[in-house]
Amino acid sequence: LHLSGNNLKTDGVIQIAESLRNRSTLRIINFKRNQITCEAGEALASVISSNNRLEELYLGGNKLGSGAIKIATAIKSISTLKVLDLTDNNLCEEVGVELAAAISANSLVEKVWLGGNHLGSSSVVIVNALKKLKELDLNDNG
């Protein structure tokens, strides 16, 4: 499902997520650059946790902020994820710690992009937890 750059905003993504909740065959979900805020976190988490084939999740360029905590929790429940993009989402240190735990629990994750957030010192936790990755982007997280 590729819906990047469509200006769906939070309400649009919530509506799409609700219609996808029981579809467990999606391998790719791409909602990059859609002006999604933290309110969409729960709806997105529901789609992620109900999808046992999801391999790639692209949510970069939104404003998920603390809503990404629910997404991190959902990621723990799937074992097929290989790529995660949460660049430029106004994520804080607390989200970084939750994401590190979620991703380290998933043995298939190869690429994680978290650049352009506010992860601060949790970047160290992420690096230590995710040594197995082939690619990790934490640029611009001061």
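A disulfide here means a pair of cysteine sulfur atoms within 2.5 Å. Cys92 is in no disulfide either, since its nearest cysteine sulfur is that of Cys38, 11 Å away. Search the whole structure and you get zero disulfides.

Before moving on, some ground rules. This is a predicted model, in which local features need pLDDT of at least 70 and side-chain atom pairs count only at pLDDT 80 or more, while totals for chains, interfaces and linings use all residues. Residues are numbered from 1 along each chain as its sequence is written, and side-chain values use heavy atoms, with hydrogens and water left out.

Switch to cartoon view. Helices (H or I, at least four residues) and strands (E, at least two) are DSSP runs, numbered from the N terminus. Now pick out the five strands: they form an open sheet in the order E1-E2-E3-E4-E5, with parallel pairing. Two strands pair if DSSP finds at least two bridges between them. Strand E1 (28-30) and E5 stand at the edges with a single partner strand each, so one side of each has no neighbour in the sheet.

Zoom in on strand E2 (residues 56-58), which is joined to E3 by three bridges and runs parallel to it. Select Leu57 and look across: Leu84 in E3 stands opposite.

**Helix H1**

Next, select residues 9-20, which make up helix H1. At 1.5 Å a residue its 12 residues should span 16 Å, and its end C-alpha atoms are 17 Å apart, which agrees. The expected span is 1.5 Å times one less than the number of residues.

Which residues of H1 are buried? Colour Thr10, Gly12, Val13, Ala17 and Leu20. They cover an arc of only 165° around the axis, which puts them on the same side of H1. The arc is that of the directions from the helix axis to the C-beta atoms. Here is some background: an α-helix has 3.6 residues a turn, so residues three or four places apart point the same way.

Now give Asp11, Gln15 and Ser19 another colour: these exposed residues sit on the face of H1 turned away from its buried side. Helix H2 (41-49) is among what covers the buried residues of H1.

Then select helix H4 (93-104). H4 has 12 residues and reaches 17 Å from its first C-alpha to its last, close to the 16 Å expected at 1.5 Å a residue.

**Stops in the loops**

Find the loop between strand E3 (83-85) and H4, where Thr87 lies. Thr87 is buried, with a relative accessible area of 16%. Leaving aside neighbours within four places in sequence, Thr87 is in contact (heavy atoms within 4.5 Å) with Gly60, Gly61, Trp113, Leu114, Gly115 and Asn117.

Asn90 is found in the loop between E3 and H4. Asn90 has a positive phi of about 60° although it is not a glycine, and it is partly exposed at 48%.

Move to the loop between helix H5 (122-129) and strand E5 (135-137) and click Leu133. Leu133 counts as buried, at 13% relative accessibility. Among residues beyond four places in sequence, Leu133 is in contact with Val109, Glu110, Lys111 and Val112.

Finish in the segment after E5, with Asp140. Asp140 has a positive phi of about 55° without being a glycine, and counts as exposed at 63% relative accessibility.

Conventions: Buried < 20%, exposed > 50% of the residue type's maximum accessible area, 1.4 Å probe, protein only.
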